[in-house]
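Thanks for coming. I have one structure to go through today, and I will keep to what was computed from the atoms.

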Amino acid sequence: MSAHLFNLRTAPVPNFPLSYDSRSPPHMETFEAFFEDWLAQQEAFLDQLLLRASAPQGQSCPSHDHRGDGDSDGDGEADRALIEQVLGHYQRFYEEKTRVAREDAFLFFSAPWLTSFERTFLWIGDFKPTLLFRFLGSAVDGLTAAQSEEVERIGAETRWRERELTEAMARVQESVGAPPLLCLLRASAGQPPRDGELCALEVAMAQLKEAMVAVLEDANALRAATARRLMEVLSPAQTVKLLAAAAQFQVRIRWWGKQRAASAALR
């Protein structure tokens, strides 16, 4: 399995400007174009994953170390090659997402490149890591007792970490009500800033954005770690089925979101 899977948090968070242009900033348009291209490639990978998932596999059971060496050599190699390509595809997505979030955290959390339906599934900028366990339960069969026990353990640890990050994000959101940010509300109401408030506001906004990016990167790291740990337990054939289910979910909610938006526009 790829040793560099979703290698995040590799650069310091830059300073953020206080001013914000109401027009779509260039990095948003760039990311939106990137995302559309990435999704098109995701659909192509989905076709390959579904093809591999439906292909006849070797009859032997997964190996005792849970790494899935029980696949026949030819099947296992083909599966592993496709898995590496798909993981590289996800790596590219997370690297670009992290770059954009560091440029404009507020914009990234609003995710205007997604449909409103897609945004209902978001948790700190993307899907919850625990969704992987739902995909696993519905798409992957033939787990050994040892594999099932390990999956349960990973699931419990992931749920605990999710709660921690949810609480961390709530604390960041609550900080908006802190005194240095209250002057932003007064400014939006047309009231002039008091002495020293503008400087305090700039510092508070920079700290808020930095905190948002930090939580986002921790959430991305949890998503990556959860996927990596599950794939270390599963065989290559089982991993292909898991990746196919995850990709299918993303492609479907994208399609459903566009259909709902088109129907709403006709009303």
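In H6, the buried residues are Gln147, Val151, Ile154, Gly155, Thr158, Glu162, Leu165, Ala168, Met169 and Val172. Before going further: this is a predicted model. As for the spacing along that list, residues three or four places apart in an α-helix point the same way, because there are 3.6 residues a turn.

H6 itself has 30 residues. From its first C-alpha to its last the helix reaches 44 Å, close to the 44 Å expected at 1.5 Å a residue.

Let me take one residue from it. Threonine 158 is found in helix H6, which covers residues 145-174. Is threonine 158 buried or exposed? Its relative accessible area is 2%, and the cut-off for buried is under 20%, so threonine 158 counts as buried. What is threonine 158 in contact with, leaving aside neighbours within four places in sequence? The contacts are Pro129, Thr130, Phe133, Leu222 and Thr226.

Now the protein as a whole. There are nine helices and zero strands. Of the 267 residues, 43% count as buried. Taking contacts between residues at least 6 apart in sequence, 85% join residues at least 24 apart.

Next, empty space. Rolling a probe the size of a water molecule over the atoms shows where it is left. How many cavities of 30 Å³ or more does a search of the whole structure find? The search finds two.

The largest cavity has a volume of about 360 Å³. Its lining comprises 21 residues, and those closest to the centre are Tyr90, Tyr94, Phe127, Leu132 and Ala246. Helices H2 (73-103), H5 (131-139), H8 (197-233) and H9 (236-266) each supply at least two lining residues. By class, that lining is 17 nonpolar, one polar and three charged.

The second largest cavity has a volume of about 140 Å³. Here 14 residues form the lining, with Phe35, Phe93, Leu114, Leu122 and Gly125 nearest the centre. Helix H1 (26-54) and H2 each supply at least two of the lining residues. The classes here are nine nonpolar, two polar and three charged.

Note on methods. Residues are numbered from 1 along each chain as its sequence is written. This is a predicted model: local features need pLDDT of at least 70, side-chain atom pairs count only at pLDDT 80 or more; totals for chains, interfaces and linings use all residues. Side-chain values use heavy atoms; hydrogens and water are left out. On a 1 Å grid over the protein atoms alone, a cavity is a set of points where a 1.4 Å probe fits but cannot get out, and a pocket is an open set with protein on both sides within 12 Å along at least five of seven lines; lining residues have an atom within 4 Å of a point. Grid points are joined across faces, edges and corners, and a volume is the space filled by probe spheres set on the points. Helices (H or I, at least four residues) and strands (E, at least two) are DSSP runs, numbered from the N terminus. Ala, Val, Leu, Ile, Met, Phe, Trp, Tyr, Cys and Pro count as nonpolar, Asp, Glu, Lys and Arg as charged, and the others, Gly among them, as polar. Buried means under 20% relative accessible area, exposed over 50%, partly exposed in between (1.4 Å probe, protein chains only). Contact means heavy atoms within 4.5 Å. The expected span of a helix is 1.5 Å times one less than its number of residues.
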